[in-house]
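Subject: Structure for your review

Dear colleague,

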Amino acid sequence: MIPKNNIDIYPNNIQQNIDTIRNIIQALGFNNFVPLNQYSKILSSSAYQITQKWLSGEKYCRTLFIQQAFQKFYPNQHTLISLQIDALVNILDDLLDENLEKGKKTLYVLEFLRVFSLHENNCPEKFKQLLGRYINQLITLAIAEEYYQKMVQQENNIEKIIQWSINLLLCRGMDINIFTEIALSELELPNNEKDFIKTSAQVFRANNILKKDIDDIKHDQKNSIKTMVTLILSKNEIEFSSYLTKVSNHLFQKIKSILYNQKPTLSPITYSIINNLYQMTTNEQKIISSYGEHID
């Protein structure tokens, strides 16, 4: 469950938007047309739409995952900017994949613009370059996903399909990178340990995405949304539960090897964070295994 603090923090800078809008209205002489409280009401609704998606579990909050991994080492002063980036990615995801009714789409666009308008003043300088790189990572994974899906559709070799699935999931797992980097920004750790944490978070997220894709099977099939999971289900020659087990186990072993092979050299902080990610990945793997027993 996403902490109430996150839900409270996310919309608390709407007033910044309202102050700017007030100045624009006055400059244009629109004072007598649209009451200012109407703008406040609409922007509150657009922000509410995002937090409700997080609360319901319909959308995953990557910030929450990293907060769970870092626990007391998480830099709370950066929670808002992390949540805002989370929201932007969630909005883009739904705008691309979902058949949204006009009212909901309008609120999404307004919320994207609201958050984006605050970026220049609210985003710390040290994160701006990270954000640019992150957007390029999202472009990379969007193109890679289409490429790997086409490969799987044409392939019958199960071992190749499993490897391509793993590759794609790890690529999609990059969507957690900036949230990890934000959390690491205030920690004095060796670069190699930061790399171990980032890799572990990406592996956790890959397994987490696999679980989310399984959760969304009926929704994705109904809305003609292609994922690796729906493609595998359409290939009758592949035993789905075996496929899930092999993919999930590979990802689990990857984070396990980081934790246990590097344990003697890791600082207590790094070990704690990677161990939390390991436990989170273990929980995801157990859920995925239980799904496989009932989907074939």
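The second largest pocket has a volume of about 330 Å³. This is a predicted model, in which local features need pLDDT of at least 70 and side-chain atom pairs count only at pLDDT 80 or more, while totals for chains, interfaces and linings use all residues. Residues are numbered from 1 along each chain as its sequence is written, and side-chain values use heavy atoms, without hydrogens and water.

A pocket is an open set of points on a 1 Å grid over the protein atoms alone, where a 1.4 Å probe fits, with protein on both sides within 12 Å along at least five of seven lines; lining residues have an atom within 4 Å of a point. A volume is the space filled by probe spheres set on the points, which are joined across faces, edges and corners.

The second largest pocket is lined by 16 residues, with Asn17, Ile21, Leu43, Arg114 and Ser117 closest to its centre. Helix α2 contributes the most to this lining, five residues (helices are DSSP runs of H or I, at least four residues, numbered from the N terminus).

The largest pocket holds about 1,500 Å³ of space. Its lining comprises 50 residues, and Lys59, Val89, Asp93, Asp94 and Asp97 lie nearest the centre. The largest share, 12 residues, comes from α8.

Finally, Leu95 lies in helix α5. Leu95 counts as partly exposed because its relative accessibility is 31%, between the limits for buried (under 20%) and exposed (over 50%), with a 1.4 Å probe and protein chains only.

Yours sincerely

How values were computed
Helices (H or I, at least four residues) and strands (E, at least two) are DSSP runs, numbered from the N terminus.
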